[in-house]
Amino acid sequence: MVTGASSGIGEATALALASEGAKLAIIARRLDRLERLADRIRENGGEALPIQTDVATETQMSAAVDRVVDEFGRLDMLLAIAGVGVAAPFQRTTTSEYRQMFDVNVFGLLYSIAAALPIMKAQRDGHVVILSSGTGRYIHPSTVYSASKHAATAIAESLRREVCTDGIRVTSVEPGAVSTEFISQMRPDVRDAVEKRLGDMELLEAQDVAAGIIYAVTQPKRVNVNILTLYPAQQAA
Ligand SMILES: NC(=O)c1ccc[n+]([C@@H]2O[C@H](COP(=O)([O-])OP(=O)(O)OC[C@H]3O[C@@H](n4cnc5c(N)ncnc54)[C@H](OP(=O)(O)O)[C@@H]3O)[C@@H](O)[C@H]2O)c1
């Protein structure tokens, strides 16, 4: 189950998992994008179930997990990739932007885990991959976004300790700047400031992050990849 599969890192991860033979449930709000992705996966012989879901609505998230279990009989992996960000300093972030980032990046993540975990515990088998960010471990000027991703990192670190004896693995993925729609969708003044800060740096591609995730989820069951940190070479200082 991949949340945030309608674009960027989630879409690239879904495609990479499909080429490894995974049966996929793909989750986001934009159903047209999910259907196009499902068609691409099916054309290559894979299996994909698009489920239009707002991860920040608890009932929708639990219904999505129920649907996956009805359809596939089990849930092996949750790839919690959905996220939003306004990478602005605190004084240039509005209160509605705070709420949206916490609703999706924190509550949406918690609802996704809460819905998936009982299934994985009953199976005594599962893998939760949480797409946090470099801003979730280091301090960056994007105060509220960084705070929401520090929460995501803390959830990953803590959950891993809580469920590691239940057969469930947890991986925190913490990339630097990735070339996706993430930046272009920000408020124009914030987008311009971020683009200025990044300059002509060659960013990571979504496929680079997907390749890291594939590494983490294809290790033998005895191996837990705790943290995956990936940065553009020029941002790695
Ligand atoms: N790009 C970067 O530089 C970067 C760096 C580090 C970490 N990240 C993290 O990587 C993750 C993926 O971002 P991306 O770069 O791939 O950006 P993206 O292309 O904008 O993708 C974001 C995805 O999240 C989904 N999403 C947002 N709100 C949602 C909601 N309420 N319910 C369900 N799905 C929702 C979007 O789908 P819909 O709009 O269709 O719902 C979309 O599929 C995010 O968690 C982001 O914080 C990004």
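Predicted model: local features only at pLDDT ≥ 70, side-chain atom pairs only at ≥ 80, totals over all residues.

Student: What makes α3 and α4 roughly parallel to each other?

Tutor: Start with the angle: α3 (residues 58-72) and α4 (residues 95-123) pack at about 30 degrees. Angles under 35 degrees count as roughly parallel, so that's the label α3 and α4 get. Their axes are 8 Å apart, and the crossing is right-handed.

Student: Which residues of α3 and α4 make the contact?

Tutor: From α3 you have Glu58, Met61, Ser62, Val65 and Val69, and they meet Tyr111, Ser112, Ala115, Ala116 and Ile119 of α4. Sorted by class, that contact has seven nonpolar, two polar and one charged residues.

Student: And α4 with α5, how do you know what to call that pair?

Tutor: The axes of α4 and α5 cross at roughly 15 degrees and come within 8 Å. With the cut-off at under 35 degrees, α4 is therefore roughly parallel to α5. Here, too, the crossing is right-handed.

Student: What classes do the residues of the α4 and α5 contact divide into?

Tutor: There are 16 nonpolar, two polar and one charged. Among them are Phe102, Leu109 and Ile113 of α4, along with Ala151, Ile155 and Leu159 of α5.

Student: Now single residues. Why is Ser133 called buried?

Tutor: Ser133 has 6% relative accessibility, and buried means under 20%, so Ser133 counts as buried. You'll find Ser133 in the loop between β5 (126-131) and α5 (143-163). Leaving out residues up to four places away in sequence, Ser133 touches Tyr145, Lys149, Val173, Glu174 and Pro175.

Student: What makes the link between the side chains of Ser133 and Thr135 a polar contact?

Tutor: The distance is 2.9 Å, and the cut-off asks for a pair of N or O atoms within 3.5 Å, one able to donate a hydrogen and the other to accept it. The Ser133 and Thr135 pair is listed as such a polar contact.

Student: How do you know whether Ile51 is buried or exposed?

Tutor: Check its relative accessible area, which is 6%. The limit for buried is under 20%, so Ile51 is buried. Ile51 sits in strand β3 (residues 47-52), and its contacts beyond four places in sequence include Ala25, Ile27, Leu34, Ala64 and Val68. Take Leu34: Ile51 and Leu34 are 17 residues apart in sequence, and 7.8 Å apart in space from C-alpha to C-alpha.

How values were computed:
Residues numbered from 1 in each chain as written. Heavy atoms only, no water. Axes fitted to C-alpha atoms, helices over the stretch in contact; angles between N-to-C directions. Helix = DSSP H or I, 4+ residues; strand = E, 2+ residues; numbered from the N terminus. Parallel < 35°, antiparallel > 145°, perpendicular 65-115°, else oblique. Left-handed = near helix turned anticlockwise from the far one by under 90°. Contact = heavy atoms within 4.5 Å. Nonpolar A, V, L, I, M, F, W, Y, C, P; charged D, E, K, R; others polar. Buried < 20%, exposed > 50% of the residue type's maximum accessible area, 1.4 Å probe, protein only.
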